[in-house]
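Let's take a walk through this protein, starting with the whole fold and ending at a few aromatic rings. Keep the model open as you read.

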Amino acid sequence: MIPPNAAEKRSLAQFIQAPILEEGFSSVYMRFTDQTAQELLALSRRPDPDDPEQPDQFVQEWASPAQTLGQGTSERILMDLLGDRSHPYFYARVQGLNLGAFQVIDDERVPEAFSVGAIRKVDSEVFGDIWCSFPTQASQARAAALREGVVKVLSYALDIRIHPDRSLEGRAEVQLESRSAQNRLIPFGLSRWLAVSGIEDDRGRRVAVVEDLLPKGSPAEARAYDQVDVVLPEPYPVGERFRLIFKYHGNVIADVGNGVLYVGARGSWYPNLGLGNPAVYDLTFHYPEKLTLVATGSRVEEKSSEGWSESRWRSDGVFRVAGFNLGPYISAERRAGKVQVKVYATREAESALEKRRAGAGTPPVIIPGPYGERPSILHAIPKLPPPLSPAALLDDIAEIASAAVEYFTSLFGPFPYPHLAVSQVPGNFGQGWPELVYLPTLSFLPKADRSELALNPKGGDPLGPVVVAHEVAHQWWGNLLGWDTYHDQWLSEGLASYAAALFLARQKDGDRQFRNLLHLYKEDMLAKTGEGKTIESGGPIWLGQRLSSSHDPEGYPNIVYKKACWVLHMLRGLMIDPKTGSDERFFRLLRDFVSRYQGQSVSTEDFIQHAAKYVTPESDLERNHKLDWFFNEWVYETGVPTYHLEAGVRELAANKYLVQGSIAQNDVPRDFEMLVPVVAIYAKDRRVTLGRVAVSENGARFKFTTTRKPSRVVIDDENLLAVVH
Ligand SMILES: [Zn+2]
């Protein structure tokens with residue numbers, strides 16, 4: 001198998017140390033709906049009756065493993081058996097002679113039809129490594145149609161009752177539009193902890209559901225696989241609208257101590273067609289009166305009687321996802337222009353945090369992995385236990401969140417919604433959903449508690465204002481503008497991360513905090529993995545979630561959040577007007593991008609083409625009015641350059657000095673080029689940018705004149721992701 005492009009060859013080489021896959025195998029297990037059977041039969045022959053080694057044990061040996069091996073693929077096979085056979089499927093699990101077990105898939109129903117990967121276990125964590133993944137000729141030709149899927153979702157109407165024992169009972173009415181005249185199977189996302197008691201269509205017919213094709217704990221389930229497959233009584237013509245009504249129940253809300261509730265399955269508490277399907281949401285919740293509930297969208301009704309509360313929430317426009325949070329909250333409110341910002345937290349922290357603080361001998365607590373961001377393990381550390389109170393900083397969080405709303409409005413354009421709820425969630429991650437931000441309990445604690453309980457030993461304050469601002473920024477980057485495929489999610493995360501860094505720069509002592517944050521991110525990029533390579537070399541930003549693998553579990557958060565933040569910072573550098581030092585052009589680029597693409601899903605190419613309109617004469621290194629050179633190096637490829645500067649200063653006349661020197665470039669591919677900012681350092685460490693030097697494989701020479709004699713001339717590594725000597 002030879003990958004069709006350099007990026008996928010490099011990805012393959014990361015896993016098997018070779019850019020092509022050439023492997024003998026001892027056995028192979030195949031499942032398919034294509035022509036493989038005919039091809040195999042044409043090549044096969046009857047066993048020779050005189051051969052002493054008869055394969056007579058074959059059935060006995062394979063009957064049981066074949067059942068286990070088939071589990072993860074049954075749903076996909078069923079889809080073809082019940083519907084359109086013109087988009088076939090092929091799956092092979094290969095027992096390689098050198099590489100161990102790996103799998104090869106050609107699924108002609110998805111745009112990136114072909115992939116090779118393997119399940120790998122490191123310590124106790126299981127990874128679904130994707131060695132390479134790319135379209136086939138056929139899937140590429142109909143990529144747009146494939147992306148539409150077999151069905152389009154128009155709206156969700158959910159009615160949810162949350163009982164005092166925290167169990168949930170739901171009714172979901174999903175309005176759909178058929179995109180395939182033959183399809184009968186629709187896979188819905190739904191938490192494995194929620195059981196479906198029945199599904200009906202709008203004519204009152206009972207609809208079949210397959211819940212057990214993916215038994216819990218099978219190897220195919222390595223990545224959270226929460227799904228039910230609905231089998232329609234008959235296919236609907238293309239364009240016809242129909243409804244499915246689900247009734248389901250189960251428990252996805254955990255009591256994590258001190259009255260704090262944890263809503264698990266935040267992305268799968270209702271039957272859904274995933275993030276790529278924006279829809280209108282109408283949510284009604286019934287819950288014990290002593291709890292407060294917040295959800296995505298605007299609250300349009302709320303009432304209480306006889307111990308129960310009821311509230312109804314409608315999406316403002318279409319949302320990619322809907323969620324809720326609840327607890328015995330108290331709240332604080334601010335206004336940011338026209339936007340109402342309301343923050344909700346409990347009086348006490350979850351007991352895991354209390355225990356971690358109280359310490360001795362408490363086992364680590366694993367907080368389940370949220371959708372999108374990484375799971376975490378909270379380790380016990382010994383400490384005296386005064387109670388931790390998230391409610392204490394309610395007002396501060398309201399202040400920070402409303403300041404972020406106002407600042408980002410000035411940078412990116414109007415806040416997309418009438419309000420924003422910020423609610424506390426146990427653990428150490430945040431999420432920024434439409435009109436509803438989940439913030440970790442740690443963010444609600446005073447800085448001293450936060451640093452003491454924080455998980456990163458390297459310093460910084462990742463769960464302080466940075467996480468608040470990051471999640472607020474997702475209202476523009478992620479909600480107002482979605483992302484096209486996993487390759488493009490870096491735009492959302494990178495822009496949210498960079499927005500958060502910019503917000504930090506506006507706080508007290510902000511310049512220093514901003515520099516420190518970017519410096520920490522750079523250190524994380526250049527840190528070495530156990531294999532002695534830099535984290536950054538793990539793969540290009542464009543690989544997205546594939547970067548987290550058995551080689552580097554943190555590859556995705558490190559490269560897609562931190563490197564992308566740097567890439568955007570450097571893009572801003574390229575847009576700076578050399579005469580005035582203004583960065584207005586960069587922010588105009590972002591504002592225009594938002595207004596051009598709002599309500600849509602954007603791709604990396606959309607962004608690159610848009611950015612080209614803002615190229616400056618100085619940054620147009622290829623003289624083609626494009627910035628492809630920049631994005632190719634920093635987004636599609638890996639590599640952090642090393643620069644070595646030598647410079648001298650000569651007095652030309654009174655108050656006129658000539659600064660001249662050279663810059664050498666190393667550690668990157670030969671065609672790498674970059675605009676390298678050079679600064680003069682004067683007394684008291686005052687730094688003045690002299691200019692930007694276009695440096696390529698042959699290095700570069702430069703000349704600047706200044707009115708005062710600098711004490712030193714250096715490469716501005718505060719504004720460049722590079723190793724500088
Ligand atoms: Zn994020």
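Among contacts between residues at least 6 apart in sequence, what share joins residues at least 24 apart? Here 68% do, a contact being heavy atoms within 4.5 Å. Bear in mind that this is a predicted model, where local features need pLDDT of at least 70 and side-chain atom pairs count only at pLDDT 80 or more, while totals for chains, interfaces and linings use all residues. Residues are numbered from 1 along each chain as its sequence is written, and side-chain values use heavy atoms, leaving out hydrogens and water.

On to the overall build. The protein has 16 helices and 35 strands, taken as DSSP runs (H or I, at least four residues, for helices; E, at least two, for strands) and numbered from the N terminus. Its radius of gyration is 28 Å, close to the 27 Å from the globule rule for 725 residues, so the protein is as compact as a globular protein of that length. That radius is taken over C-alpha atoms, and the rule is 2.2 Å times the number of residues to the power 0.38. Of the 725 residues, 52% are buried, meaning under 20% relative accessible area with a 1.4 Å probe, protein chains only.

Now for the rings. The whole structure holds 38 aromatic pairs, which need ring centres within 6.5 Å (Phe, Tyr, or the six-membered ring of Trp); planes under 30 degrees apart are stacked, over 60 edge-to-face, the rest tilted. Tyr-156 and Tyr-281 are stacked, 4.7 Å centre to centre with 15 degrees between planes. They sit 125 residues apart, in strands β6 and β15. Tyr-156 is buried at 2% relative accessible area, and Tyr-281 is buried at 2% too.

Key. Buried < 20%, exposed > 50% of the residue type's maximum accessible area, 1.4 Å probe, protein only.
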